[in-house]
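Dear colleague,

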Amino acid sequence: MDRRKYHTKGRALILGFLEQSQSVTVTAKDIWAFLQDHDVTVNRSTIYRYLNQLCDDGAIMKYTDNDIGKTVYEYVKDKHDCQGHIHLKCVRCNGIIHLECGFMEEIREHLEESHHFSLQCEGSVLYGLCDHCRKIEEQAAKMPNEERHSV
C-alpha cells in the first residue's frame, strides 16, 4: 500500500486545520492540540511525518520561527510559487505576506549584478509588523501609560 495516499480522519483534520489557518503559521503543537480538541488521538511523530509529506507535495511551507525557536507551517497549496519570492511575517499576529511583486525581480537582479549572489527565496522570511498590527501599536503608543497596561 502507498502510505503517501493513506487517508485517515486525523490526516483529514490536519489538512482542514491547515487550510483554515491560511496566511498564518501554526506549529505541530497547535495541530496536536486541535486534534485533541476533536477527540482524535494521533502520535506526534505521525503529525510530523504528514507535515513533511505535505511540504514535499508543495501544500505547505515550513519555516523556522526565530521568535519562538520552533518550526512553523503555512498552508499554501495552489496559492503561491513560494520559491520565487520572500515572505514577510508579522511578529504580532503571525500572519504571512507573500512578496509577489516586481520589486522581487529588482532585488534578485541587484544581488546577482552587484554582489554576485543568487537568491533562493524558499523559506526566506523577513520579520516585522503587518499594517493592521502596526496601527494597533501606534494607537497603543498614543495612550497614556496607565491605559496601555490595562490593554
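Predicted model: local features only at pLDDT ≥ 70, side-chain atom pairs only at ≥ 80, totals over all residues.

Residues are numbered from 1 along each chain as its sequence is written, and side-chain values use heavy atoms, with hydrogens and water left out.

Helices (H or I, at least four residues) and strands (E, at least two) are DSSP runs, numbered from the N terminus. Buried stands for under 20% relative accessible area, exposed for over 50%, and partly exposed for what lies in between, with a 1.4 Å probe and protein chains only.

Helix α2 covers residues 28-37, and its buried residues are Ala28, Ile31, Phe34 and Leu35. Seen down the axis of α2, these buried residues fall within an arc of 120°, so they line one face of the helix; the arc is that of the directions from the helix axis to the C-beta atoms. The face turned away from that buried side carries the exposed residues Lys29 and Asp37, and just after α2 Asp39 takes a positive phi of about 55°. The cover over the buried residues of α2 includes α1 (9-20), α3 (44-57) and β2 (70-75), where contact means heavy atoms within 4.5 Å.

Leaving aside neighbours within four places in sequence, Ile31 is in contact with Ile14, Phe17, Leu18, Val26, Ile47 and Leu51.

A charge also sits over a ring here: the charged end of Arg44 lies over the ring of Trp32, 4.0 Å from its centre, the rule being that NZ of Lys or CZ of Arg is within 6 Å of the ring centre and within 35 degrees of the ring normal.

Turning to buried residues elsewhere, Lys89 is found in strand β3 (residues 87-90) and counts as buried at 3% relative accessibility. Beyond its neighbours within four places in sequence, the contacts of Lys89 include Thr25, Asp65, Asn94 and Tyr127. His85, in the loop between β2 and β3, is buried with a relative accessible area of 2%.

A search of the whole structure finds four salt bridges, each being a side-chain nitrogen of Lys or Arg within 4 Å of a carboxyl oxygen of Asp or Glu. Among them, Arg108 and Glu105 meet at 3.4 Å, N to O; these two are three residues apart in helix α4, about one helical turn, and Arg108 is buried at 16% relative accessibility, whereas Glu105 is partly exposed at 38%. In helix α5 (residues 131-142), Lys135 and Asp131 are four residues apart and form a salt bridge at 3.1 Å, N to O, while Glu138 forms one with Arg134, the closest N and O atoms being 2.9 Å apart. Asp131, Arg134, Lys135 and Glu138 are linked in a network of salt bridges.
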